[in-house]
Amino acid sequence: MQKLPAVILAAGQGKRLRPYTDKIPKVLVSIHGKPLLDYVLSGLIQVGIRNFFIVTGYKATLVEKWVQDDFLSTAYVIFGKKINPITDPLTFHFIRQKEINGTGGATLLVEKYLTDLGFSSFLLTYGDLLVSKSVFYRLCRTYQQDHNPFYLVGNPTEDPSAGAAIYYEGDKILNFIEKPNSKAPKTDLNNSGIYIFDQIIFDLLKESKPTIRGEIELTEPIIRIIKEKYFTVKLIKMHENELWCDVGTIESLDKMKKNVYWLSQL
């Protein structure tokens with residue numbers, strides 16, 4: 001059975017992380033001696049992913065150079081017998097997002113590469129999103145068991161208004177509301193930003209209308225799938241003790257720098 005590839009969105013400039021991102025892209029901002037992207041790649045490698053498609057944009061050359069010159073030069077040593085460079089090598093494909101037109105626009109760029117290599121489904125996450133490797137493990141294991149076309153990881157929250165609220169029953173997502181207001185029904189889950197998609201997502205993204213900012217949002221077709229019941233979107237629910245951190249602000253970066261407890265979960 002063909003292994004699942006990972007698409008990592010890493011094109012963002014990271015304006016809320018200035019001055020750290022004045023000279024480097026946000027995925028290369030370092031915490032405890034490692035760039036954010038290192039933690040993301042390492043977690044995915046540990047659950048068996050070997051093929052990576054990284055969408056770059058802001059200071060793209062630095063990301064590509066770091067992966068090829070720094071990460072790959074040590075990965076086979078660090079992961080030892082878990083990776084065979086001959087029979088089970090790590091492969092990286094870099095796709096540049098020249099026009100910053102949203103997360104959906106970034107995702108559309110990988111369609112040709114995945115199709116040409118025969119991948120029918122893919123995991124998608126972000127290069128500045130830190131999560132426990134156990135989350136990736138459960139997501140991939142569930143996919144291998146039932147091969148549903150769409151999966152979405154939900155992270156526990158006391159205030160879903162800050163993100164995209166997930167309404168669910170068991171492992172089935174019933175509704176999905178971006179930044180719900182105070183009158184919206186209560187829920188205990190937000191969208192984590194981690195998915196598994198069938199290639200059908202590309203057709204749905206092409207049908208999506210750009211926002212007033214000219215961006216194609218990745219979540220728009222997901223909401224449409226749920227509301228119009230095209231397919232079942234299955235939920236992978238994170239546990240309370242699992243790590244989830246979107247390192248997109250100075251505050252979140254400082255929080256992770258002040259603690260080391262989370263390192264054992266990666």
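Trainee: Which residues in α1 meet which ones in α2?
Mentor: L37, D38, L41, S42 and I45 of α1 meet V63, W66, V67 and F71 of α2, where contact means heavy atoms within 4.5 Å. By class, that contact has seven nonpolar, one polar and one charged residues. Ala, Val, Leu, Ile, Met, Phe, Trp, Tyr, Cys and Pro count as nonpolar, Asp, Glu, Lys and Arg as charged, and the others, Gly among them, as polar.
Mentor: Before you go on, this is a predicted model: local features need pLDDT of at least 70, side-chain atom pairs count only at pLDDT 80 or more, and totals for chains, interfaces and linings use all residues. Residues are numbered from 1 along each chain as its sequence is written, and side-chain values use heavy atoms, with hydrogens and water left out.

Trainee: OK, at what angle do α1 and α2 pack?
Mentor: About 60°, with the axes of α1 (residues 36-46) and α2 12 Å apart. Axes are lines fitted to C-alpha atoms, for helices over the stretch in contact, and angles run from 0 to 180 degrees between N-to-C directions. Helices here are DSSP runs (H or I, at least four residues), as are strands (E, at least two), numbered from the N terminus.

Trainee: What do you call that arrangement of α1 and α2?
Mentor: The two are oblique to each other. Angles under 35 degrees count as roughly parallel, over 145 as roughly antiparallel, 65 to 115 as roughly perpendicular and the rest as oblique.

Trainee: New topic: how many aromatic pairs are there in the whole structure?
Mentor: The search finds 12. W66 and F71 make a tilted one, 5.5 Å centre to centre with 40° between the planes. Rings of Phe, Tyr and Trp (its six-membered ring) pair if their centres lie within 6.5 Å; planes under 30 degrees apart count as stacked, over 60 as edge-to-face and the rest as tilted.

Trainee: Are W66 and F71 buried or exposed?
Mentor: Both are buried (under 20% relative accessible area; exposed is over 50%, partly exposed in between, with a 1.4 Å probe and protein chains only).

Trainee: And why is the pair of F122 and F202 stacked?
Mentor: Because their planes are at 15°, with the ring centres 5.5 Å apart. F122 is in strand β6 (residues 121-126) and F202 in helix α6 (residues 200-207), 80 residues apart. F122 and F202 are buried.

Trainee: Where's the cis peptide bond?
Mentor: It joins R18 and P19, with omega about 15°. P19 lies in the loop between β1 (6-10) and β2 (30-31).
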